[in-house]
Structure formats: structure tokens, C-alpha cells
Amino acid sequence: MKNKKLFVLSLFGVLALTSCGGGGGSTSSGGSGSSGSQTSGSELRLAGGEEGEIINYSASSYAERAKILEQLEKYTLDNFLGGIPMYDSASNVMYSTRLQIPSDTYIPNYGFGVGQGTITTALTSAQEPETKYAMYFHSWQSQDPGSLNYWNASDSVTADLNALITSAYYGTEFTEDKSSYQWYDSLATEKPIALNPDANGMATKWRVKVKTVTDTPTLVYNTLSTAPDRAAYDGRGVVLADYLTPFKAILDNQLYRSTDLGSSSSGFVGAAQYSADVAAGKSPNWNSVGIQLNETEQSIDFEFVTKKTQFYAMYNLSSSLFSPIPQSFLDLIGGAANFGLQSGGVNNVLSLGMYTLEEWQADKQLAFKKNPVFFEKDRANFAGYKYTILGSATVAFDEFLAGKLDSAGIPSTALDQYKSDPRTRRTLGDTVWKLQTNTTTEAGWESLFGETGSVYPHSEDSYWDVKPVMSNKDFLNGLYFSINRSELAAEEGKNPAAAFLSDAYMIDPEEGISFRSSDEGKAVLEDRLPESNGYDTEIAKGLFQRAMTTLEAEGKYTPGTPTSPTPITLELIYQSQSQVDTEGITIKKYFEETFNAACPNYKLTIHTYATSNWMDAYYAAMQGDFDLSFGSISGNTLDPISFMDTVCSDNRSGFTLSWGPDTGAVNMDSPIVYDEQIFSYDALLGAANGGAVIKNGEAANMFKLTNIEAGEAVDGKFTATGHGTYFYNAEYASRIQVEIVAVEIWYYSAPLPEGVSEDGFVAPELGVNLTINMNTDGTFEVIVT
């Protein structure tokens, strides 16, 4: 019997990169970085050539890594991958006179050591009506975070609060003279041990020996819950199995930080595939993940995707995300996603940190009490922390002046009056605040955010109205040079910033050398008027004029007249109304006045507004629903090259906020040049972070299914053949092996044959014959009968 078009077949393979090589096929050996603007692309080869090769710069010296970072940051700025920088997160903070703070000097990436300070006197009953909180450190938040669950959060507020109730393998502390900070072992008993070191001492496999209640009797959990089933965990000791729980909780529940565990720069082998299997409803195999308990060594054995030095292995493993917790506790509260939710209060929290959640009144206050059984309790000086939810920084400052808070930033309106007050201290910025930019074309936006978008799909009736000016570099540079950063930063009490990275990012973390202070860091800005922090209205006007001439020639805009100008409106999103009413007015003035003076036949209007929740400004940017949006991503200050994946256009970090050119493609108009070769952004980033297979300047396409030929079913049988290409280079055949490790067959016609699942999946045991041919010309066939 012949049944025509009964079967519709879909096949896909999963590649296995079995070896990316140790040390790499190409390494950097000396100052060979150069900027694309200084070197003609025609004089250089595309990295990897036609055949492709392994390029690995991960073992390069800090000096060479500075040259790589110069290329990456300059490309980020020139192509607005990281938005338009304005000022850093430095601030003028006032501290209560009842505080004794260890240091008067602000240490980058550490601070003044406020948490190691001492509170000398209690607040009065007028300042703090609840006597039990009178000796607590009093701070504030602008909004109730709703959760302490750092596993499932992207914001810094949740991370900071979570750090009060968790611990890490490694921590930092002041040096004896308090001039710097140093690392110490916390949950770990010693620094990471390399299991497969190469000649440079770098390794992908690292062992971390950890403490348990057996050897450290004070290593126990704490809770203030009175519910009998929760209270049973109070004093429960930490066992080795608890160390695995956070990793499995994140991946098994597809929590937000699962992308961190699968990161190509700092993640673990097999984590990304494990997460994908969970998402697809398959049965994942934990044995394939590079996070394994070792009972013999009382350790966790990690395998990173890329090689690490001992310092970077320690640094990447020092997150409080990995703080141990019993799986049985997560089961008790209904799963990992419920940990730390406000709705559960103290009943959904188990502490292994310096403090324990004491109370949580929604939209009013949170309190954390000193953990009396903390295994390092001498490091916790305060009796507790109390956070009050207040409407704005201005309200918080008024509360500070009334003696109800122990610290508060000085708002711009009060800066002149209080910046010289003896209670005021100046912090340094750990991130740069930016106007994130949507510089996509209509086609580019649709590929990322359309109905089948790769990042965040939208229905057709909710497409963003992409503005042609926003994809014109001259227009974007006009915006950049329109900002008087010195004036704006002074108004905000910040430091002007014209680059993507702040002063806190260390190119040599072991010696404390900031990238911004290096020759390479300075070179990034040398053509962006560093003497004026990137401000020149005449240059901006010329760029605006050139932009509109180009856009008119492209048919994107038609000029009006000075009396009837063509309108151009851009949306600018802020996180609070107070920002709209202060900074928003200033930015609006910079952009509108400069553009409209230069292009009188047009009228630029910047429409500023605030989201109801500050995180919504980030979500708008992450989902492509914006023109300009205030925001910044911080973190990884001691590994700035790894941090540069936050601007990749494939959103591999989960934190991309600005959108535009494809970072996977070589850009010959603005080439990235290093080691006398031309790279795409992603290719050089991959080579620097652990090595990559690169072909024609881009990360090689390791596997591609090109077409499927499916025959008609005859007597219940059919044959289908899938054709494709894979990366093959005879020189690297022993080091790079691409293989198809999984084939799935789906049946889409009704009625479904016996044994086929309701969604059409054909299980392998249903009499499927499979042949795979991997040919040495780089092609393959998958034949299914």
C-alpha cells in the first residue's frame, strides 16, 4: 500500500567538539595589536584563513591581553554595542557619625570596609521605634525586590541582599595596613588545584576541597522560622552533597542564572547541553556536566569550558551563587524557584551567611539579624541590617539627615551644600552608566525580535518602530559628542566617563592595574576627545548634518523647512520619574538643541519617560522595545575580557542591552585587527577566552544541516536522508572531532502510528535504522529508514 505524503521528517544533529586543543594552534607572542583605523584590511589575512584553524590567546600575558581588550572595547564604542557612556557609578555618600569605618581610602572593588565597621551608639526611639533594631545598620531600597533568590535574578539589589545569607568558596578582606585587599579561603580549604595543567599552569579541570560539618563543626545553617518543619534545619550541618544542590537547582529549574553556568567564557563543560536537554523535556545526564562531587577528596571537581589560571579559577568560583544548601529544604518549600520569595518570608530562607532574614514587610522593610552560628562570625560586626523601602534618593537623604539611616548618597540638588561635609566620602565607580541603544535596521530587529526572532520573539502587531537615524553611525556619534559629560557628572555627583569600561576593571588583577590607566585603555579614547570627555557640539553638529544627508540620499527621510520641519521622535526610557525630572531634562536639551541647530529642516524630539518598576527599563532593552534606555551591566571587574561577552549580539550572556551589528561577522568597514589578522568581535573574544576554531575571520560554523530528502512511505516504511556540512581540517583532525551524537525523528501526520508520542516524537526503539557518514570533504549524510 502506498500512502502519499504520510510522513514529514525533521532531523537535527548535535555536534561534539571533543578537543579544542591545549595551548592552541596559534598563540600571541608579542605586541601585535593594532587598531583597525590604522591598518588597511587588504594588507592583512582573515584570521584562520580559508581552511580554518585553532587560535588560542588565553595563555597570553596581561600585557597582551590589554592589547586584545583595546580592540574589543574600541569596536564596542565605535559600533555602539554597549550604548553611549555618560558617567560612572561613583557617588558622594554621607555616613552617620555613629559609624566607625575601617578605612578613609576607597579601595577599588572593595570599598571603605563599611561592613567591617562598628556602630557605637543606638538610634533613639524617634529615629527607630523598634528597639530591637536600634543597633542595626540602617539602609534603604527604592523598591521591594520581592525575592532574595539570586539564582533567578538579574539585578544587583537581589545579589547584594542574597550575599547577606550565603557564603562562597573564597572571599576578600583588607590587607593588614588596609591599603588594599587580599583573598582568603572561606568554604574552601585551599586554593583550586589544577588537575590537567599545561606548560603555562593553565587547566580546564580544577579541584576545590571544601569544608563540611565533619571537619568544621560550626558550619551549620540558620533560620528564624518557627514553623517546625523549617526550624528543623536550624543547626543542621553542611554535608558534601549540599555543595551540588545550587548547580542542579539552577539548571534543573531553568533559573535565570543557568546561562552563567553554560557561559562560553566562565561556564562549565556540559552545562549548556544539560540545560538545553531540560528545556526540551529530555532526560539530562549529570555525568556529562563538569561539576562533580568527589567524596574521596571531599571536593568538587570542576571542568571549565576554557582553560584558567589558578587565579581565574578561584575568581570564577567565588560567587555566592554556589553557596551550599540542602536539596531537601528546597523540596520542602516547593522547589528552588520559591527560595527567598517575599511571600514566604523567613519560612522560605535558610542562611549560611553572616546574617539571617528576620522579617519582611512587603513594600515597607526588610531586616536581617546577625547569624549567631555563622562559621566566620567574627567577620560580622553589625547586630543586623534593616532596609526601608523609600520612594526616591531624595526621600532617603532626608531620612539620613533625620538620623534614621546610616548612609545615603547626596542627591544632585544638595551636592553643593554637603559635598565638603566631614561625614561625606567619595566612592569610585565600578560601572559606567549608559544610554543603551537600539541601532538595528528593520531587518536586523526582525531577525532578533520578530515572530521567529532569535532573542525575544514578538507577535507581528507588537513590532518596535525602528528609527532609521538610530542605525546611522554619524547620527549616533553626534549624540555621543553632544553630551557634556563633565557638566552632567557634576550635576549627578559622579565622574564623567566616555568609555565602556570603568576604572574598576583590572587588566592585571594580581597587581591591581586598571585597564583605564593602561596605555591601551587610553588608546581606546584617543580619537574621542579625552581632554573634554568626548564633548564638542561643533563636531556633533557636523556629524548630524552628514547623517541626514546620507539618510536623505537613501530615501529614509525627506527634509521639511525651518518653519515646517520633518519630525523625528526618539523614546528614552529611565528607571524612575526623578531621573526623568533631572538628568532626563539635561540629556533632552543636549540632544535636541545640538541636532536642531545643525539640521533646521528637521525637528528632533526626545520623549523621556520612566517605567513603573526600575527593572522594566532593563526588560525593554533586553527585549528590543526601545530607542534609548538608561542602564548598565556590571560585574567581572577582575576579568574584563570575559565581561565583554555582555555585548555579543547573540545574547550569549543573557545581559545584552544594546543591539546593532552582528558581532559574529567580520566588519571590513571597521575591522578588528590583532596579531596581524582580521577578526570578527566574537572570534577574537573566543580566541582570548580559551581558544576558538576560526575560519575567514569568524568563529567556524562547526555543524550545519542543509537539507533533508524524505521519500514517500511504502508499507509503513520510508527512507530519509539529511545532508549537511561540518568543520573538517586534516591538520586538526586529531584535535577537533565533530560528530553527530543525536538524531531525532518527528512524525507530523495523523493518525499517529503506534508507539509515537502525542507530539510526534519517534522513539529510537521503534525499528529505526540509522546510518551516519562523516566525509573527509567536510560533508555528511544521515540516512534513516
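**Charged side chains and their surroundings**

Modeller: Glu442 lies in helix H11, residues 442-449; helices (H or I, at least four residues) and strands (E, at least two) are DSSP runs, numbered from the N terminus. This is a predicted model, in which local features need pLDDT of at least 70 and side-chain atom pairs count only at pLDDT 80 or more, while totals for chains, interfaces and linings use all residues. Residues are numbered from 1 along each chain as its sequence is written, and side-chain values use heavy atoms, with hydrogens and water left out.

Glu442 has a relative accessible area of 60%, so it is exposed. Here buried means under 20% relative accessible area, exposed means over 50%, and partly exposed is in between, with a 1.4 Å probe and protein chains only. Glu442 belongs to a negative surface patch together with Glu446, Glu451, Glu460, Asp461 and Asp465. Patches are made of residues with over 30% relative accessible area and no salt bridge; like charges are joined within 9 Å, and nonpolar side chains (Val, Leu, Ile, Met, Phe, Trp, Tyr) within 5 Å. Asp and Glu count as negative, Lys and Arg as positive, and His and the chain ends are not counted. The place of a charge is taken as NZ of Lys, CZ of Arg, CG of Asp or CD of Glu.

Other charged residues are paired. Side chains of opposite charge can pair when their charged atoms come close. A salt bridge is a side-chain nitrogen of Lys or Arg within 4 Å of a carboxyl oxygen of Asp or Glu, and a search of the whole structure finds 28 of them.

One of these joins Lys67 to Glu64, with 3.2 Å between the closest N and O atoms. The two are three residues apart in helix H1 (residues 62-78), so about one helical turn separates them. An α-helix has 3.6 residues a turn, so residues three or four places apart point the same way. Glu64 is buried, at a relative accessible area of 5%.

Lys74 pairs with Asp527 in a salt bridge, the closest N and O atoms being 3.9 Å apart. Lys74 is in helix H1 and Asp527 is in the loop between helix H14 (519-524) and H15, so this pair ties together parts that are 453 residues apart in sequence. Lys74 counts as buried, at 12% relative accessibility, whereas Asp527 counts as partly exposed, at 45%.

Arg207 and Asp301 form another salt bridge, with closest N and O atoms 2.9 Å apart. Distant parts of the chain are linked here too: Arg207 sits in strand E13 (residues 203-209) and Asp301 in strand E15 (residues 299-308), 94 residues apart. Arg207 is buried, with a relative accessible area of 18%, and Asp301 is buried as well, with 16%. As for networks, salt bridges that share partners join Lys74, Asp78, Asp527 and Arg528 into one.

Two charged residues stand out by their backbone. Most residues other than glycine have a negative phi. Lys178, however, has a positive phi, near 60 degrees; this residue is in the loop between strand E10 (170-174) and strand E11 (181-185) and is partly exposed at 34%. Glu676 also has a positive phi near 60 degrees. Glu676 lies in the loop between strand E27 (672-674) and strand E28 (677-679) and counts as exposed at 59% relative accessibility.

Covered parts give a contrast. Helix H12 (residues 473-482) has nine of its 10 residues buried, including Asp474, Phe475 and Leu476. Among the elements covering these buried residues are strand E5 (84-88), helix H13 (485-492) and helix H17 (583-598). Tyr136, in the loop between strand E8 (118-119) and strand E9 (137-141), is buried at 4%. Contact means heavy atoms within 4.5 Å; beyond four places in sequence, Tyr136 is in contact with residues including Arg98, Glu358 and Lys386. Tyr136 and Lys386 are 250 residues apart in sequence, yet their C-alpha atoms are 6.3 Å apart.

As for the whole chain, there are 20 helices and 38 strands, and 54% of the 785 residues count as buried. Of the contacts with a separation of 6 or more, 70% are between residues 24 or more positions apart.

Terms used: Accessible areas come from the Shrake-Rupley method with a 1.4 Å probe; for residues, only the protein chains shown count as cover.
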